[in-house]
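Open the structure in your viewer and keep the selection tool ready. This tour goes from one spot out to the whole chain.

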Amino acid sequence: MTALGVYRPGRSPLHRLPAGVKLFALGAAILLISLTVRTLPTVGAAAAAVVAVFALGGIGPAEAWRQMRPMLWVLLFVFVFQVMFTDWRRAVIVCAVLAASVALAAAVSLTTRTSAILDTILAALSPLRRIGVRTDHIALALALAIRSIPLMVEVVAQVDEARKARGLRPGARILVAPVVIAALRTADGFADTLVARGLD
């Protein structure tokens, strides 16, 4: 399976942008999408914007599908949940915001080295060192959060593949519980790694 969100070398315009610009744009884009996507036409506009970003990063349709395919079961679960408690239009909007956010985070991860992300965050937080803030811890936490978005999508894909291998039908109990357990194990793995490197 192709690892999700792992940096892929390239010379696209998105690759050449500084990490700080991409991180700022990612945050601003997710905020903008969350605040403005309220109707079906704006869903289409958000989708077109994501396609443009993928094209800017040289991420073709096949790679884009590999990045988003594991997200389908999460989107299906969210869609059904929203339909049950709201309506289908609201469900489409919520799923569109979630999918667009994951896609943009994946685009940044695919075109930006983790070391560049850490360096950028450390530089932005450097003024806080004067008042005793451990900016290295904050930078590491933010970098792990960014990396965890596509990683969790990959966890969903692995759980779904395990379900198919066992011949089980898809369902909330079959998918959600293993995903939660896998996510907790991943968090424990992160914690053990940080402790091993001297971070409490």
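In which helix do F81 and F85 both lie, and how many residues apart are they? Select residues 72-85 to find out: this is helix α5, and it holds both F81 and F85. The two are four residues apart, about one turn of the helix. Keep in mind that the model is predicted.

**Stop one: the ring pair.** Show the side chains of F81 and F85. Their rings form an aromatic pair, with 4.8 Å from centre to centre. The planes stand 45 degrees apart.

F81 has a relative accessible area of 43%. F81 is therefore partly exposed, as the value falls between 20% and 50%. F85 reaches 60% relative accessibility. That is over 50%, so F85 counts as exposed.

**Stop three: the whole protein.** Zoom out and switch to a cartoon view. Colour by secondary structure: the protein has nine helices and zero strands. Follow the chain along the sequence and the pattern reads α-α-α-α-α-α-α-α-α.

Now show contacts between residues at least 6 apart in sequence: 72% of them join residues at least 24 apart. The accessible surface comes to about 11,800 Å². Carbon and sulfur atoms account for 68% of that area.

Terms used. Residues numbered from 1 in each chain as written. Predicted model: local features only at pLDDT ≥ 70, side-chain atom pairs only at ≥ 80, totals over all residues. Heavy atoms only, no water. Phe/Tyr/Trp six-rings, centres within 6.5 Å; stacked < 30°, edge-to-face > 60°. Buried < 20%, exposed > 50% of the residue type's maximum accessible area, 1.4 Å probe, protein only. Contact = heavy atoms within 4.5 Å. Areas by Shrake-Rupley, 256 points an atom, 1.4 Å probe, with all protein chains shown as cover.
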